[in-house]
Amino acid sequence: MSRQSNRPTDSKKMNSELFTLTYGALVTQLCKDYENDEEVNKQLDKMGYNIGVRLIEDFLARSSVGRCHDFRETADVIAKVAFKMYLGITPSVTNWSPAGDEFSLILESNPLVDFVELPDNHNNLVYSNLLCGVLRGALEMVQMAVDVRFAQDTLRGDNVTEIRMKFIKRIEENMPAGDE
Amino acid sequence: MTVHNFYIFDRNGSCLHYSEWNRKKQAGISKDEEFKLMYGMLFSIRSFISKMSPLDMYPVCVCVGERERECVCVFSLTKLFRKDGFLAFQTSRYKLHYYETPTGIKLVMNTDLGVPNCRDTLQQIYSTLYVEYIVKNPLCVLGESLQSDLFNTKLDSFIRALPFFSVRAA
């Protein structure tokens, strides 16, 4: 009965430079298309969200991680399993709020910014903002509403890159409509 | 042994996919109503089980008979599948297998009684078919009924290849 999955457990490896450069081209194009950085940040977040809602399915299918029962477990899975799987890095989880509803992911290196220097006229650009959208979208699909933003960024002169995540609420499942 | 039919629901209760193989008796209502009825039952079973389980989030296998003497409740306590809740139920004629992902995608397969636990099979359908051909196809709108022929074909051949698919010789 237990037919083994045909899918290789190890994901296909891709040259990460191709990914990084493609992302760079995307940001560059958005900067041309939109007048201000805020709008670019918004578009990146939106695209990330759309990726996240699909990526979560791929993640669950590959990792066979079950439902997380608290935010700490979620933080661990994001840092140790998901970031490792998709970006090849393992951020550290720190700065827990006393209530346990907020934490930071500290990225030693950010693969998206390997070849980037921010020009002076893009002070407000959050270059890797796509990641925030991805995290938000993916968690929303597992019933968690979360606020995600960059608190520090090496591109802007900070020592580390820090993504701050705040748990907002659990999204309740609705009773099907029109069901008597 | 045989597989009767197969449903996929999303977390809002829309039926994303339905296919059937050996279904001798139809519900006698429209498919839309049938999907609603099915989803409503699954929804209720889930909440029933989470309330009635004497142990926190352990898996529960409910066996509901069509006649009174067949009503048996089995609470399986394997830690392996902890937190999974509802797994399956069976009547005197068929068995319903259920698998739900953390994103709320629900896969439901009806088979005859001889088929053992189909969790692996359902999980495989999710990870090798649903994720591969639906989620990774940007043109497939999530949350709408699936129109992908590729998915339908792959699913059909997957189900037909299952060791317990073939109808038992009469």
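**Entry 1**

I began with F19(A), which counts as partly exposed at 31% relative accessibility. My scale for this: buried is under 20% relative accessible area, exposed is over 50%, and partly exposed lies in between, with a 1.4 Å probe and protein chains only. F19(A) sits in helix α1 of chain A, residues 16-33. I take helices (H or I, at least four residues) and strands (E, at least two) as DSSP runs, numbered from the N terminus. From F19(A) I looked along to C31(A), which is 12 residues away in sequence and 18 Å away in space, C-alpha to C-alpha.

T20(A) is in helix α1 of chain A too, but T20(A) is buried, with a relative accessible area of 4%. What does T20(A) touch, leaving out residues up to four places away in sequence? I found P111(A), L112(A), D114(A) and F115(A), where contact means heavy atoms within 4.5 Å.

**Entry 1: ground rules**

A note to myself: this is a predicted model, where local features need pLDDT of at least 70 and side-chain atom pairs count only at pLDDT 80 or more, while totals for chains, interfaces and linings use all residues. Residues are numbered from 1 along each chain as its sequence is written, chains are lettered from A and ligands numbered from 1 in the order in which they are written, and side-chain values use heavy atoms, with hydrogens and water left out.

**Entry 2: chain A as a whole**

I counted 4 helices and 4 strands in chain A. Read from the N terminus, the order is α-α-α-β-β-α-β-β. Chain A has 180 residues, and 44% of them are buried. Of the contacts in chain A between residues at least 6 apart in sequence, 58% join residues at least 24 apart.

Next I looked up backbone angles. N95(A) is not a glycine, yet has a positive phi of about 50 degrees. I placed N95(A) in the loop between β1 (92-94) and β2 (102-107) of chain A; at 44% relative accessibility N95(A) counts as partly exposed. Q143(A), also a residue other than glycine, has a positive phi near 65 degrees. Q143(A) is in the loop between α4 and β3 (144-152) of chain A. Is Q143(A) buried or exposed? Q143(A) is buried, with a relative accessible area of 5%.

**Entry 3: cores**

I define a nonpolar core as a set of buried Ala, Val, Leu, Ile, Met, Phe, Trp, Tyr and Cys residues joined through side-chain atoms within 4.5 Å. The largest one has 73 residues, and those touching the most other members are L105(A), I163(A), M165(A), Y130(B) and I159(B). I also found a second, separate core of 16 residues, including F9(B), C15(B), I45(B) and I49(B).

**Entry 4: salt bridges**

My rule is a side-chain nitrogen of Lys or Arg within 4 Å of a carboxyl oxygen of Asp or Glu. By this rule I get 14 salt bridges over all chains.

- R136(A) pairs with D45(A) at 2.5 Å, N to O. R136(A) lies in helix α4 and D45(A) in helix α2 of chain A, so the pair ties together parts that are 91 residues apart in sequence. D45(A) is buried at 18% relative accessibility, and R136(A) is partly exposed at 26%.
- K80(A) pairs with D76(A), the closest N and O atoms being 3.4 Å apart. These two are 4 residues apart in helix α3 (residues 71-87) of chain A, so about one helical turn separates them.
- K166(A) pairs with E102(A) at 3.8 Å, N to O. The pair ties together parts that are 64 residues apart in sequence, because K166(A) lies in strand β4 (residues 161-170) and E102(A) in strand β2 of chain A.

**Entry 5: between the chains**

The contact takes 30 residues from chain A and 40 residues from chain B. How many salt bridges are there between chain A and chain B? I count 1: K136(B) with D58(A), with the closest N and O atoms 3.0 Å apart.
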